[in-house]
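Please look over the sequence and the structure below before reading on.

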Amino acid sequence: IEDPEYYFNAFWQIYTWNSILLDPLFIDIKNNSKLSSEVLPITGNETLFRFDHLIKGGLSTLMTIEDDIAKVNEYLSKNNIKLFVLYDRLDTYINPLRWNMAVSPLINYWRESWSSFSNIMPKIFVRTDLFERIQGTNTARLENNIISLEWTIGEIFGYFFKLVFSSEKAAEAYWAIAKKVQINSDYIRITKTTFENNNNQFKTFDKPSMDLLINVFFGKEVNPQGAHLGRPWDYFKNTLANADGTSISLRPFINTLAGNAIEEALSTPIRYVKEILSPEIYASRQVRINTSNTYFYDLTQDEFSQDLQELQVLINSEAGKPFRYKELNETQFKEMLAIILSRLTSSTVVKSEDDFKKMLYANGIMAEKPTPGGKYYRFAPLYWYGWGLANSSSNTADSAHIPNPKKVKTKAQNGKGLEGIYKKRQGRIETPDCRYYEADPVNFTDSDIMDGDAVVFDIISKPNNKKYYIAINVRKKLS
């Protein structure tokens with residue numbers, strides 16, 4: 001393509017015009033168009049050649065198209081009709097690495113034209129991570145016209161319960177179990193009324209409003225085989241987050257509940273029930289592995305993402321052992337990319353290490369994490385358990401930049417069940433009485449403890465210095 005900017009600008013105008021005039025509502029405008037013979041169904045190579053011919057038609061062709069769209073708008077205005085033009089799944093049809101050239105003209109076209117068409121409403125669905133790649137577009141000017149469709153953990157639970165309570169049979173079974181596990185009767189009455197008046201939905205998707213319902217379904221604590229993984233809200237929020245921690249993925253949640261787990265749970269005799277779906281099921285080893293593998297498989301099925309499969313192949317091989325950590329330092333990350341690139345010599349999508357890196361970011365698999373000591377690269381928590389990723393290595397952000405812990409001589413009043421705040425950079429836990437305990441991630445029971453988290457822990461004397469204590473069995477404090 002000699003002039004990509006002109007080519008894609010013209011392409012989107014032609015594509016939009018052709019799609020609109022195929023609607024029977026605009027048959028008269030189509031028949032009276034100077035280009036009526038060019039309005040045909042959009043299919044395969046024929047469309048490719050036809051659009052290419054129209055693009056080469058130059059300014060006169062585009063002026064005719066603009067005139068036709070103006071007539072469509074006039075018709076809509078006279079008949080008090082709003083036409084919504086939707087552009088979706090662009091990332092499955094356009095190589096995400098080429099968005100800067102191919103998709104930017106679409107957004108620029110409508111940014112400049114939408115005010116001219118009062119009754120045509122364009123809606124462009126763009127993944128948040130790919131929106132950042134749009135080139136030549138002042139995205140700040142679009143802020144007032146953007147609606148975020150990212151899921152929050154509250155919205156995921158809200159959507160889930162809407163589906164559950166839309167079934168009268170499931171709702172009856174649920175409330176029977178709620179009474180069995182002694183949920184407050186006033187809460188049940190108020191929630192029932194809310195659902196009846198609000199289409200089986202919560203009014204707000206916050207934790208306090210939903211916590212009791214969540215506890216009935218998923219249990220109060222996620223502790224399969226004695227592990228301490230937090231409460232269900234926090235467990236799913238952490239494990240479903242993309243690598244950058246800014247968004248939640250719905251599909252892994254659905255995958256977690258797949259395999260008729262809900263039906264089996266609701267059929268359990270009530271006298272044996274502590275919760276509807278036990279953490280022993282949804283947080284079991286096999287379910288967690290299957291959830292991460294299924295989600296990764298789904299991500300890598302479109303033609304522009306298939307090269308990502310090489311990442312999992314590497315991680316699961318002997319050659320991938322040095323990279324089986326939740327975070328990699330810059331040297332490790334570059335080494336991993338180099339190995340993967342050497343295996344993708346015939347790829348039509350990945351031509352450089354930077355291409356593959358952008359694919360990792362775009363799919364939420366890894367994210368860049370700047371620190372004062374350099375960049376680190378974090379895997380999404382969803383893959384930590386399923387791929388056997390360790391807490392840290394001697395060269396990652398879990399252990400880098402942490403000075404030697406301040407050795408504070410203490411007299412522990414109780415060696416178990418102490419509470420404090422984890423300070424990651426200092427490598428220690430601080431307690432309310434200003435005591436400090438050295439805290440190494442290898443002694444963490446919960447794998448997702450982050451800087452600033454409230455924790456519960458036990459202490460023992462340091463093996464090489466009995467005067468000082470270190471924290472062991474560190475787990476998140478249950479709120």
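**Helix packing and nonpolar cores**

Helix α9 passes helix α12 in a left-handed crossing, a crossing being left-handed if the near helix is turned anticlockwise from the far one by less than a right angle, and right-handed if clockwise. This is a predicted model, in which local features need pLDDT of at least 70 and side-chain atom pairs count only at pLDDT 80 or more, whereas totals for chains, interfaces and linings use all residues. Residues are numbered from 1 along each chain as its sequence is written, and side-chain values use heavy atoms, with hydrogens and water left out.

**α9 and α12**
- The two helices, α9 and α12, pack at an angle of about 65° with their axes 11 Å apart, where axes are lines fitted to C-alpha atoms, for helices over the stretch in contact, and angles run from 0 to 180 degrees between N-to-C directions.
- On α9 the contact (heavy atoms within 4.5 Å) is made by G154, F157, G158, F160, F161, V164 and F165, and on α12 by M210, L213, I214, F217 and F218.
- By class, this contact of α9 with α12 has 10 nonpolar, two polar and no charged residues; Ala, Val, Leu, Ile, Met, Phe, Trp, Tyr, Cys and Pro count as nonpolar, Asp, Glu, Lys and Arg as charged, and the others, Gly among them, as polar.

**Nonpolar cores**
- A nonpolar core is a set of buried Ala, Val, Leu, Ile, Met, Phe, Trp, Tyr and Cys residues joined through side-chain atoms within 4.5 Å, and buried means under 20% relative accessible area with a 1.4 Å probe, protein chains only.
- The largest nonpolar core has 39 residues, of which F157, F161, Y174 and F218 touch the most other members.
- With seven residues, α9 gives the most to this core.
- Leaving aside residues up to four places away in sequence, F157 touches M210, I214, F218, P232, W233, F236 and F253.
- A second, separate core of 35 residues includes I14, V85, I94 and V103.

**Helix α17**
- Helices are DSSP runs (H or I, at least four residues), and strands are E runs of at least two, numbered from the N terminus.
- At 1.5 Å a residue, the 15 residues of α17 (285-299) should span 21 Å, which agrees with the 22 Å between its end C-alpha atoms; the expected span is 1.5 Å times one less than the number of residues.
- The buried residues of α17 are V287, R288, I289, T291, S292, Y295, F296 and L299, and what covers them includes α13, α14, α16, α18 and α21.

Key. Buried < 20%, exposed > 50% of the residue type's maximum accessible area, 1.4 Å probe, protein only.
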